[in-house]
Amino acid sequence: METFGQRLTDAVAKRGPLCVGIDPHAALLGRWGLTDDVAGLERFARTVVDALADRVAVVKPQSAFFERFGSRGIGILESTIRQLREAGALVLLDVKRGDIGSTMAAYASAYLDPSSSLRADAITVSPYLGVGSLQPAFDLAAANGAGVFALALTSNPEGASVQHAVASDGRTVAQTVIDEISQLNKGAQPLGYLGLVVGATIGRTGHDLSRVNGPLLAPGLGAQGATPSDLRSVFGESLRNVLPSYSREVLNAGPSVAALRAAADRAVDECRTALG
């Protein structure tokens with residue numbers, strides 16, 4: 001069984017270094033001329049699948065925007081995940097789960113067990129109950145060739161008060177997360193299956209990402225203000241492991257399938273140039 005690191009490397013080599021988020025919030029549905037209900041959500045998701053599933057390396061549905069419609073929204077999320085994967089895209093489900101013990105194990109089973117209808121190729125998690133609390137997700141991901149992306153340095157202004165706080169050994173809290181993930185990925189080829197989320201808008205922070213040996217998801221490009229040229233200042237020598245992530249910059253081109261594809265193609269070209 002191929003590891004997630006290998007599958008991601010192959011997908012990026014084939015389709016280009018791009019992750020596109022699926023964030024069907026009310027304003028975006030309205031921009032597309034869709035109703036803010038289950039019917040609008042279903043039409044939106046189907047259009048994104050038709051436009052991007054066979055050409056983008058990674059697609060990142062934000063679970064909350066489906067969950068807000070209850071069981072019918074979850075049903076659309078299940079269908080969307082299945083269709084994306086069948087078309088060859090890797091699905092990174094943005095759920096940001098983080099808990100302890102049996103609860104974390106249940107979250108892991110929901111998203112990473114092959115028998116689950118919500119099974120994704122990777123998920124996002126929050127390590128701020130301690131990286132060790134995420135072990136059930138790490139174990140299940142490793143067993144099933146899946147991936148896990150832990151929040152490290154996020155672009156929201158509230159995050160810095162926790163992430164930049166200094167621990168007793170002089171490292172920031174974020175650096176302890178980075179270092180623990182780095183240790184777990186040690187020796188993996190071509191990439192470890194554990195990644196980090198590092199906002200493309202944060203600039204130079206002085207954190208050391210050089211030993212992560214795993215994928216670095218960089219959200220915040222496009223409408224949030226970051227450009228591909230900003231990636232070098234954020235990631236430095238770790239640029240080769242960066243997976244740039246766009247959402248509104250691509251999705252605002254809809255509902256035209258052709259326009260969505262063109263927007264994704266432009267983003268891929270810009271990211272290829274920036275990543276060298």
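Two residues are in contact when they have heavy atoms within 4.5 Å of each other.

**Figure 1. Overview of the whole chain in a predicted model.** In this chain, residues 24 or more positions apart account for 72% of the contacts with a separation of 6 or more. The model is predicted, and local features need a pLDDT of at least 70, side-chain atom pairs count only at pLDDT 80 or more, while totals for chains, interfaces and linings use all residues. Residues are numbered from 1 along each chain as its sequence is written, and side-chain values use heavy atoms, with hydrogens and water left out. The secondary structure comes to twelve helices and eight strands, where helices (H or I, at least four residues) and strands (E, at least two) are DSSP runs numbered from the N terminus. The C-alpha trace spans about 55 × 40 × 35 Å along its principal axes. Why does the radius of gyration of the chain agree with that of a compact globule? With 276 residues, a compact globule would have a radius of gyration near 19 Å, and the chain has 18 Å, which agrees; the radius is taken over C-alpha atoms, and the globule rule is 2.2 Å times the number of residues to the power 0.38.

Figure 2. Two strands pair if DSSP finds at least two bridges between them. Strand S1 (residues 19–22) is covered on both faces, with Cys 19 and Gly 21 buried on one side and Val 20 and Ile 22 buried on the other. S1 is joined to strand S8 (residues 242–246) by two bridges, and these strands run parallel; the bridge partner of Cys 19 in S8 is Ser 245. S1 also pairs with S2 in the parallel sense over four bridges, and here Ile 22 stands opposite Pro 61 in S2. Strand S2 (residues 58–61) is in turn joined to S3 by two bridges, again in a parallel run, with Val 58 opposite Leu 90 in S3. S3 then pairs with strand S4 (residues 122–125) in the parallel sense over three bridges, and Leu 93 stands opposite Ile 123 in S4.

Figure 3. Strand S3 (residues 90–97) is mostly covered, since seven of its eight residues are buried. Lys 96 lies in this strand, yet Lys 96 is partly exposed, with a relative accessible area of 39%. Although Lys 96 is not a glycine, its phi is positive, at about 50 degrees.

Figure 4. Ser 109 has its place in helix H6 (residues 101–112) and is partly exposed, with a relative accessible area of 31%. Leaving aside neighbours within four places in sequence, Ser 109 is in contact with Ser 116 and Leu 140. Pro 136, in helix H7 (residues 135–144), is partly exposed at a relative accessible area of 27%. Which residues does Pro 136 contact, leaving aside its neighbours within four places in sequence? They are Gly 101, Met 104, Ala 105 and Ala 108.

**Figure 5. Close-up of two cis peptide bonds.** A cis peptide bond joins Gly 254 and Pro 255, with omega about 10 degrees. Pro 255 lies in the loop between helix H11 (248–251) and helix H12 (257–275), and is partly exposed, with a relative accessible area of 44%. Leaving aside neighbours within four places in sequence, Pro 255 is in contact with Trp 32 and Thr 47. Another cis peptide bond joins Gln 189 and Pro 190, with omega about -10 degrees, and Pro 190 has its place in the loop between helix H9 (173–185) and strand S6 (194–198).

Definitions and conventions
Buried < 20%, exposed > 50% of the residue type's maximum accessible area, 1.4 Å probe, protein only.
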